[in-house]
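The following exercises concern a ligand and its surroundings, and then charged side chains. Each task is followed by a solution in steps.

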Amino acid sequence: MKLKTLEIPLEIQNRLNLCKNTLAKKCFSLILEKKSNLVLTLDLTQTQDILEQADSLGPYISILKLHVDIIEDFTCEFINNLKSIALKQQFLIFEDRKFTDIGNTVAMQYEKGIYHIVEWADIVNCSVLPGEGVITGLKKPINNRERGLLLLAQMSSKGAFTSPDFIKKNLELSERHADFVFGFICQEKLSNNPAMIHMTPGVKLKEGEDKLGQQYNTPEKAIFERGSDMIIVGRGITESNSPEFAAKEYQLAGYEALLKRSEG
Ligand code: S5P
């Protein structure tokens with residue numbers, strides 16, 4: 001198993017040159033530098049496990065995604081340690097909070113409580129179900145930090161409600177707030193704006209379903225056939241016998257699919 005080290009996906013290089021959003025630039029640069037369009041999701045409940053996996057799998061990923069509210073022994077020290085690992089291993093931190101409320105509430109959820117998400121998460125996401133206020137609310141606590149927002153336009157789960165109108169609204173709002181919004185959580189390419197990044201969860205090397213309605217497509221299907229840019233992988237890596245070997249496999253599969261698309 002070897003990456004074609006000399007090749008770069010020219011499409012990503014071109015899009016990097018076109019985009020102005022700082023987070024989009026960072027993502028495109030990391031994809032090229034690390035030859036990885038892999039977002040690792042560590043849905044684990046113990047901080048030590050998260051820190052160990054972040055450090056050992058860090059070389060193969062561009063983004064680490066968390067659900068901070070499932071952690072059972074959360075401390076501020078954990079965040080400091082995670083930030084040091086992110087710096088050492090060069091990945092961005094994405095808190096998968098899926099904000100969905102009125103602007104005033106999401107502003108507080110982003111900044112306050114015990115997690116102070118705005119202080120450490122480079123990337124967060126939201127649903128535009130509440131309307132534009134969810135985005136303007138999330139902008140409030142940012143101040144001059146470099147932060148990016150992804151819109152949850154489609155979901156991987158069975159029976160997810162994603163009407164064409166809802167997707168259209170996501171596209172409109174992404175353009176109106178392109179200073180903050182830099183892409184989508186989705187199942188296929190939605191936007192023709194080259195600066196918008198598409199990230200796809202529900203990815204495993206083998207298609208299938210879990211017992212609670214999660215549906216999986218392969219990296220090839222998500223990136224090459226459906227035109228997404230990054231794969232989001234959790235249990236495909238964390239529940240394998242060798243997470244490190246699996247992370248390398250997903251890195252390779254995701255990046256090769258991107259190269260194949262760029263060539264085609
Ligand atoms: O539509 C979605 C959106 C997200 S962010 N479907 C998802 O599965 N996710 C998240 O991606 C989900 O919350 C979980 O953290 C991850 C998928 O994990 P896996 O173990 O099924 O790969």
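**Exercise 1.** In this predicted model, determine how far a polar side-chain atom of K98 lies from an oxygen atom of the ligand, and find the corresponding distances for Q214 and Y216.

*Solution.* Step 1: for K98, the distance from a polar side-chain atom to a ligand oxygen is 3.5 Å. Step 2: a polar side-chain atom of Q214 is placed 2.8 Å from an oxygen of the ligand. Step 3: for Y216 the value is 2.6 Å, again between a polar side-chain atom and a ligand oxygen atom. Step 4: on its own the ligand has 490 Å² of accessible area, of which the protein covers 91%.

**Exercise 2.** State how many salt bridges the structure holds, and locate the partners E146 and K26.

*Solution.* Step 1: side chains of opposite charge can pair when their charged atoms come close. Step 2: the structure holds 17 salt bridges. Step 3: one joins the side chains of E146 and K26, at 2.9 Å from N to O. Step 4: E146 belongs to the loop between helix 6 (133–139) and strand 5 (148–152), whereas K26 belongs to helix 2 (residues 22–34). Step 5: the two residues are 120 residues apart, and the pair thus links distant parts of the chain.

How values were computed. Residues numbered from 1 in each chain as written. Predicted model: local features only at pLDDT ≥ 70, side-chain atom pairs only at ≥ 80, totals over all residues. Heavy atoms only, no water. Polar contact = N/O pair within 3.5 Å; in protein donor to acceptor, adjacent residues only side chain to side chain. Areas by Shrake-Rupley, 256 points an atom, 1.4 Å probe, with all protein chains shown as cover. Salt bridge = Lys/Arg side-chain N within 4 Å of Asp/Glu carboxyl O. Helix = DSSP H or I, 4+ residues; strand = E, 2+ residues; numbered from the N terminus.
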